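Please take me through this structure in the viewer, telling me at each stop what to select and what is found there.

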Amino acid sequence: MNQPQSVDSIDAAMRLAMEHSYQVKGTTYPNPPVGAVIVDPQGRVVGVGATEPAGGDHAEVLALRRAGGLAAGGIAVLTLEPCNHYGKTPPCVNALIEARVGTVVYAVGDPNAIAGGGAGRLQAAGVQVRSGVLADLVAAGPLREWLHKVRTGLPHVTWKYAASVDGRSAAADGTSQWISSEAARLDLHRRRAIADAIVVGTGTVLADDPALTARLADGSLARRQPLRVVVGMREIPPDAKVLNDDSRTMVIRTHDPMEVIKALSDRTDVLVEGGPTLAGAFLRAGAINRILAYVAPILVGGPGAAVGDVGVPTIARALRWQFDGIDRAGPDLVLSLVPHGG
């Protein structure tokens with residue numbers, strides 16, 4: 001058996017729990033992608049777990065099973081408050097109490113009225129509870145889309161685009177491959193593989209004939225594929241790549257973004273990858289919850305703007321957003337933005 005690793009702080013244990021929650025993101029709905037870490041009284045990690053697909057074990061149960069008797073008197077570090085209700089599985093608080101953990105630390109409280117209340121139940125059983133550890137990181141990270149779905153009843157919608165540093169998604173002749181780097185494209189495919197749906201307009205299908213699949217670095221199909229959604233009134237050719245057997249496809253005959261969101265109401269994580277017209281329509285409708293911009297260090301110029309009309313007649317009425325993350329993908333920047341004040 002491998003020697004258990006040690007963690008030097010609760011924050012470090014929470015970051016480990018986040019890593020495991022990211023690994024199952026996109027596979028757990030309607031359950032959240034929770035990560036759990038069990039630390040024994042000597043500060044050693046003795047069990048880790050992440051939520052299994054619906055009907056399977058929750059993260060806490062898996063981590064406790066792997067820890068065995070070493071969990072007694074230790075600390076359970078969780079990305080989400082443990083559930084306190086009977087669904088397809090018993091409440092996770094039961095398992096924590098039965099394992100005799102001394103302390104439960106979690107990042108985000110459960111907003112689900114049915115499943116909530118775990119913290120109070122634990123305290124009543126004599127378990128120490130600490131909440132809010134790295135809460136902002138968890139809420140903006142692995143639990144972002146699930147929390148939005150629970151709080152609003154609507155899928156979380158991200159507009160993703162790639163552009164030059166001067167905001168162009170295509171050159172004057174219409175060519176757009178490849179503005180972003182190979183590293184940026186790999187990052188996008190990783191995100192596609194955990195999304196529930198990808199939305200494009202008929203114009204993108206007719207112009208680019210994209211497959212809209214998630215692929216691995218070697219070009220093979222990822223195990224999990226998102227639903228492909230084509231929006232618009234124009235017919236698309238029966239031999240279009242988006243209609244192949246690599247994944248399922250939904251065609252929605254509308255120009256109304258809210259009709260699209262309603263049709264995808266059973267989804268959690270939706271990517272809008274269409275061209276400037278579709279992006280503009282979603283932005284005008286207030287239907288975008290996050291912008292993910294891959295910005296390449298090139299200049300293109302010309303008319304190929306990344307987004308069309310967003311209903312802004314004057315700078316005073318500009319749509320205001322704020323950064324909530326800046327990363328790198330090879331030579332490109334990956335900018336994450338959310339509505340200002342959101």
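**First stop: R215**

Begin by selecting R215, which, once residues up to four places away in sequence are set aside, touches H189, S220, L221, A222 and D246, contact meaning heavy atoms within 4.5 Å. R215 sits in the loop between helix 8 and strand 8, and at 30% relative accessibility it counts as partly exposed; buried means under 20% relative accessible area, exposed over 50%, and partly exposed in between, with a 1.4 Å probe and protein chains only. Helices (H or I, at least four residues) and strands (E, at least two) are DSSP runs, numbered from the N terminus.

This is a predicted model, in which local features need pLDDT of at least 70 and side-chain atom pairs count only at pLDDT 80 or more, while totals for chains, interfaces and linings use all residues. Residues are numbered from 1 along each chain as its sequence is written, and side-chain values use heavy atoms, with hydrogens and water left out.

**The annotated positions**

Next select S176, R192, L212, R215 and E273, which the UniProt annotation "binding site" covers in an unreviewed entry; UniProt positions are given in the numbering used here, feature names are shortened, and annotations may be inferred rather than shown by experiment. Is L212 buried or exposed? L212 is buried, with a relative accessible area of 4%, and it is found in the loop between helix 8 (202-208) and strand 8 (227-231). Leaving aside neighbours within four places in sequence, L212 is in contact with R192, I198, V200, P226, R228, V242 and E273.

**The two domains**

Now colour the chain by its domain assignment, which gives domain 1 (10-147) and domain 2 (155-339), the bounds coming from an automatic or database domain assignment. The C-alpha centres of domain 1 and domain 2 lie 33 Å apart, and the contact takes 8 residues from domain 1 and 11 residues from domain 2. Between them the domains bury about 820 Å², 51% of it on carbon and sulfur atoms, buried area being the accessible area (1.4 Å probe) that two parts lose on being put together, summed over both.

Select the open sheet whose 5 strands follow the order 2-1-3-4-5 with mixed pairing, where two strands pair if DSSP finds at least two bridges between them. Strand 2 (45-50) and strand 5 (128-131) stand at the edges with a single partner strand each, so one side of each has no neighbour in the sheet. Even so placed, strand 2 has 6 of its 6 residues buried, so it is largely enclosed by the rest of the structure. Strand 1 and strand 2 pair in the antiparallel sense over 5 bridges, with G49 in strand 2 as the bridge partner of A36. In their hairpin, which has 5 residues between the strands, G43 takes a positive phi near 85°. Strand 4 (residues 103-108) and strand 5 run parallel and are joined by 4 bridges; zoom in on V105, whose bridge partner in strand 5 is R130.

Finally, select the open sheet of 8 strands, ordered 9-8-7-10-6-11-13-12 with mixed pairing. Strand 9 (249-252) and strand 12 (321-329) are the edge strands, each pairing on one side only. Strand 6 (residues 156-164) and strand 10 (residues 269-272) run parallel, joined by 4 bridges, and the bridge partner of H156 in strand 10 is D269.
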